Amino acid sequence: MKAILIGLGMVADTHLLAVRDAQPAVTLSGVMGRDGDRTRAFAAKASEALGYTVPPLADTGDPAFTEADFVILTTPPDARLALVRALAAAGKPILMEKPVERTLANARKIVELCEQSNIPLGIVLQHRARAASLQLRESLNKGALGDVATVDIRVPWWRDQVYYDVPGRGTYARDGGGVMINQAIHTLDLALWLLGPVRSLQAQMHKTPLHQLEAEDWASALLTFESGAVGSLAATTAAWPGTSESITIQGTKARAHLEAGVLVIDSLDGQTTHYGETSATGGGADPMAFTHAWHQSVLEDFATTLRTGGEPLATGRSALPAQAVIATMEEAARTGRITEVPRL
């Protein structure tokens with residue numbers, strides 16, 4: 001299948017490696033960015049890495065878009081809506097980096113636009129593709145943990161100030177917020193994918209003295225799930241030197257702890273089971289210190305669903321609950337009240 005990459009920021013290299021190793025094969029038939037010189041430089045790098053010519057593209061009117069089977073969209077969130085309109089009008093399926101957009105309202109517009117245009121929309125929420133995550137989902141579905149009572153979500157990451165010195169990063173206008181929508185959204189989405197929606201929450205969101213940015217670099221919430229389970233969330237990019245995110249689930253039959261690609265299930269009868277292998281997730285100063293294998297799995301899944309007509313691992317619609325929780329956290333932090341999460 002042929003794909004075009006739009007958006008040449010730091011995650012573009014990860015997608016390049018994912019394309020290189022994808023099976024069945026995916027061909028990169030063009031790249032497009034906002035800066036012409038940077039686009040040409042990335043096209044040259046991609047051509048060398050892939051062993052065939054990858055042309056730089058100026059806009060979505062280029063003939064290469066007609067031949068492409070889908071588009072990989074990795075632009076900052078503020079550049080998404082107009083591009084999605086153009087791609088939907090051209091009938092091009094879209095595999096998009098998280099978040100869907102800066103705001104929940106605009107994210108819903110994108111999802112609804114693709115649904116109305118019958119355009120497949122997949123979101124790169126690669127933590128769903130990890131082997132330990134899939135095993136935990138299976139264990140929950142089989143009732144191995146019993147009824148879920150409590151949930152603990154932790155994202156103790158670190159970012160140097162230079163990360164936030166990039167124009168627009170950590171702002172509401174470009175990114176839609178700080179640690180929650182940029183970093184913790186992955187772990188939050190995984191928790192919701194595993195456990196179902198959150199009904200209501202209380203929250204605090206702050207900027208610490210460790211960073212200069214517009215939005216938050218520290219956030220916490222108390223969560224009540226639709227299932228009746230209760231939980232806590234703590235996320236930050238101000239926890240030097242940064243360590244792996246985790247989800248701990250206490251059920252009536254067993255406790256599950258998922259961290260750094262490893263799942264440990266401790267049954268109340270004393271049995272312990274381990275799944276997965278330890279891997280870095282970009283929680284330290286280098287935000288790209290993680291394997292491209294998860295992006296590769298998401299890419300392969302999306303390409304396969306285009307061939308078979310199935311749904312991708314993370315649809316646009318399924319990505320909205322995490323953004324709804326983040327938007328509700330912002331509201332709850334402003335008001336200091338227990339706040340209902342909107343139903344989608």
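Buried means under 20% relative accessible area and exposed over 50%, with partly exposed in between, computed with a 1.4 Å probe on protein chains only. This is a predicted model, in which local features need pLDDT of at least 70 and side-chain atom pairs count only at pLDDT 80 or more, while totals for chains, interfaces and linings use all residues. Residues are numbered from 1 along each chain as its sequence is written, and side-chain values use heavy atoms, with hydrogens and water left out.

**Backbone features**

Asparagine 118 is exposed, with a relative accessible area of 68%. The residue is not a glycine, yet has a positive phi of about 60°. Asparagine 118 sits in the loop between α5 and β5; helices (H or I, at least four residues) and strands (E, at least two) are DSSP runs, numbered from the N terminus. Alanine 260, also not a glycine, has a positive phi of about 55°. Alanine 260 lies in the loop between β11 (254–259) and β12 (262–267) and is buried, with a relative accessible area of 10%.

Two cis peptide bonds are described here. One joins lysine 98 and proline 99, with omega about -15°; proline 99 belongs to the loop between β4 (94–97) and α5 (104–116). The other runs from tryptophan 240 to proline 241, with omega near 5°, and proline 241 is in the loop between β9 and β10.

**Salt bridges**

Side chains of opposite charge can pair when their charged atoms come close. A salt bridge is taken as a side-chain nitrogen of Lys or Arg within 4 Å of a carboxyl oxygen of Asp or Glu. By this rule there are 13 salt bridges, among them the following.

| Pair | Closest N and O atoms |
|---|---|
| Lysine 2 and glutamate 67 | 3.7 Å |
| Glutamate 245 and arginine 130 | 3.6 Å |

Lysine 2 forms its salt bridge with glutamate 67. Lysine 2 is in strand β1 (residues 2–6) and glutamate 67 in helix α3 (residues 64–67), so the pair ties together parts that are 65 residues apart in sequence. Lysine 2 is partly exposed, at 36% relative accessibility, and glutamate 67 is exposed, at 53%.

Glutamate 245 pairs with arginine 130. This pair links distant parts of the chain, 115 residues apart: glutamate 245 is in the loop between β9 (230–236) and β10 (246–251), and arginine 130 in the loop between β5 (121–124) and α6. Glutamate 245 is buried at 4% relative accessibility, and arginine 130 is buried at 7%.

Aspartate 175 and arginine 174 are both buried. Proline 77 touches Arg174 and Asp175, along with Pro99, Glu101 and Arg102, not counting residues up to four places away in sequence; contact means heavy atoms within 4.5 Å. Proline 77 is in the loop between β3 (70–73) and α4 (80–89) and is buried at 5% relative accessibility. The C-alpha atoms of proline 77 and histidine 211, 134 residues apart along the chain, are separated by 22 Å.

**Helix packing**

Two packed helices are described by the angle between their axes and the distance between the axes. Axes are lines fitted to C-alpha atoms, for helices over the stretch in contact, and angles run from 0 to 180 degrees between N-to-C directions. Angles under 35 degrees count as roughly parallel, over 145 as roughly antiparallel, 65 to 115 as roughly perpendicular and the rest as oblique. A crossing is left-handed if the near helix is turned anticlockwise from the far one by less than a right angle, and right-handed if clockwise.

Helix α6 (residues 131–141) packs against helix α8 (residues 179–195) at an angle of about 30°, with the axes 9 Å apart. The two helices are therefore roughly parallel to each other, and the crossing of α6 and α8 is right-handed. On the α6 side the contact is made by Ser133, Leu134, Leu136, Arg137 and Leu140, and on the α8 side by Leu190, Trp193, Leu194 and Leu195. These residues divide into 7 nonpolar, 1 polar and 1 charged, where Ala, Val, Leu, Ile, Met, Phe, Trp, Tyr, Cys and Pro count as nonpolar, Asp, Glu, Lys and Arg as charged, and the others, Gly among them, as polar.

Helix α8 also packs with helix α10 (residues 316–335), at an angle of about 120° and with the axes 9 Å apart. Helices α8 and α10 are therefore oblique to each other, and their crossing is right-handed. Residues of α8 in this contact include Met180, Ile181 and Asp189, and those of α10 include Ser318, Pro321 and Met329. The contact of α8 with α10 divides into 11 nonpolar, 2 polar and 1 charged residues.
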